[in-house]
Amino acid sequence: MAEALLVVDPQLDFMPGGALPVPEGDKIVPVVNRYVERFREAGRPVFASRDWHPEVTKHFQQYGGLWPPHCIQGTRGAEFHPELDLGDAVVVSKGMDPERDSYSAFDGFEPDGTPLEEGLRRRGIDRLYVGGLATDYCVRWTVLEALKRGLKVTVLLDAIRGVNLKPHDAEEAIEEMVRAGADVATLERLPAPATA
Ligand code: VGL
Ligand code: ZN
């Protein structure tokens, strides 16, 4: 079995200056680049999810949701940060259903329509290393869903940032993920990804 890196929603709208800015969201960019390099050198796959909303969705405030419009398909805000070097990462798109308010990358699909879970199983992946935005929403839901599906998860503490609608949301999200069975790591304390 094998390991993969999953970078959750490192998109411009979640960075300072974007439509739904996560404080210090851009600080993950150089760190994520180093993780990508490590995984690439080890021959392990890299996945990047993207929030990919239609203009009208129950996810947005105007239509009963929590959020200002963000990451609308095809807009600049929906693009990955230009300084990210995601290489040939598998892009997983999520949030397309206008009727559903979903946060997990496990509700997403690869470009050919393969659901994320199936794509991971096909590649023999049993552990995900997860970084990205935001700790208290899409990272949290993605990690909890991965654990429920029997995958092992390592949360990359130096490659995540939270929205913190309430001041301690991100901290509490990390505690919740760990209680649910997630491991944590940083670049300096990263178990060497096993080569296949
Ligand atoms: C996210 C809020 C709304 C996220 C997505 O990627 O964490 N947060 N949509
Ligand atoms: Zn969203």
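This is a predicted model: local features need pLDDT of at least 70, side-chain atom pairs count only at pLDDT 80 or more; totals for chains, interfaces and linings use all residues.

Trainee: Fine. In what order do the strands of the sheet come?
Mentor: The order is S3-S2-S1-S4-S5-S6. That is six strands in an open sheet, with parallel pairing.

Trainee: Which strands stand at the edges?
Mentor: Strand S3 (90-94) and strand S6 (183-185) do. Each has a single partner strand, so one side of each has no neighbour in the sheet.

Trainee: And how much are neighbouring strands turned against each other?
Mentor: By 25° on average, direction ignored.

Trainee: How many bridges join S2 to S3?
Mentor: Five, and the two strands run parallel. Strand S2 covers residues 46-51. For one pairing, take Arg50: its bridge partner in S3 is Ser93.

Trainee: What about S4, how does it link to S1 and S5?
Mentor: Seven bridges join S1 to S4. Six bridges join S4 to S5. Val7 has Gly131 in S4 as its bridge partner. On the S5 side, Arg127 stands opposite Lys152.

Trainee: How many residues of S4 are buried?
Mentor: Nine of the nine, so S4 is largely enclosed by the rest of the structure.

Trainee: Which strands does helix H3 touch?
Mentor: Helix H3 (residues 135-148) packs on the sheet and touches S1 (2-8), S3, S4 (125-133) and S5 (152-161). Its direction makes about 175° with that of S4.

Trainee: Pick a residue in that helix for me.
Mentor: Val139 lies in H3. Its relative accessibility is 0%, so Val139 counts as buried; the cut-off is under 20%.

Trainee: What does Val139 touch?
Mentor: Leave out residues up to four places away in sequence. Then Val139 touches Val8, Val130, Gly131, Gly132, Leu133, Ala134, Ile160 and Met177.

Trainee: New topic. Which residues are the protein donors of the zinc ion?
Mentor: Asp51 (OD), His53 (NE2), His59 (NE2) and His70 (NE2). They lie 2.0 to 2.2 Å from the zinc ion, which is ligand 2.

Trainee: How are those donor residues spaced in sequence?
Mentor: The spacing is D-x1-H-x5-H-x10-H.

Trainee: Is Asp51 buried or exposed?
Mentor: Buried, at 2% relative accessibility. His53 is buried too, with a relative accessible area of 1%.

Trainee: What surrounds ligand 1?
Mentor: The residues around ligand 1 include Asp9, Phe14, Trp67, Tyr103, Tyr137 and Cys138. Asp51, His59 and His70 are also among them, and those three are zinc donors as well.

Trainee: Which polar atoms come close to ligand 1?
Mentor: A polar side-chain atom of Asp51 is 3.1 Å from a nitrogen atom of ligand 1. Two backbones reach oxygen atoms of the ligand. A polar backbone atom of Ala134 lies 2.9 Å from an oxygen atom of ligand 1. For Leu133, the value is 3.4 Å.

Trainee: Last one. Where does Ser104 lie?
Mentor: In the loop between S3 and helix H2 (116-122). Ser104 counts as buried, at 4% relative accessibility.

Trainee: What does the side chain of Ser104 reach?
Mentor: The backbone nitrogen of Phe106, at 2.8 Å. Leaving aside neighbours within four places in sequence, Ser104 is in contact with Lys94, Trp141, Thr142 and Glu145.

Note on methods: Residues are numbered from 1 along each chain as its sequence is written. Chains are lettered from A and ligands numbered from 1 in the order in which they are written. Side-chain values use heavy atoms; hydrogens and water are left out. Two strands pair if DSSP finds at least two bridges between them. Helices (H or I, at least four residues) and strands (E, at least two) are DSSP runs, numbered from the N terminus. Axes are lines fitted to C-alpha atoms, for helices over the stretch in contact, and angles run from 0 to 180 degrees between N-to-C directions. Contact means heavy atoms within 4.5 Å. Donors are N, O and S atoms within 2.8 Å of the metal (3.2 Å for Na, K and Ca); water is not among the atoms, so sites may look incomplete. Buried means under 20% relative accessible area, exposed over 50%, partly exposed in between (1.4 Å probe, protein chains only). A residue is near a molecule or strand if one of its heavy atoms lies within 4 Å of it. A polar contact is a pair of N or O atoms within 3.5 Å; within protein, one must be able to donate a hydrogen and the other to accept it, and residues adjacent in sequence count only if both atoms are side-chain atoms.
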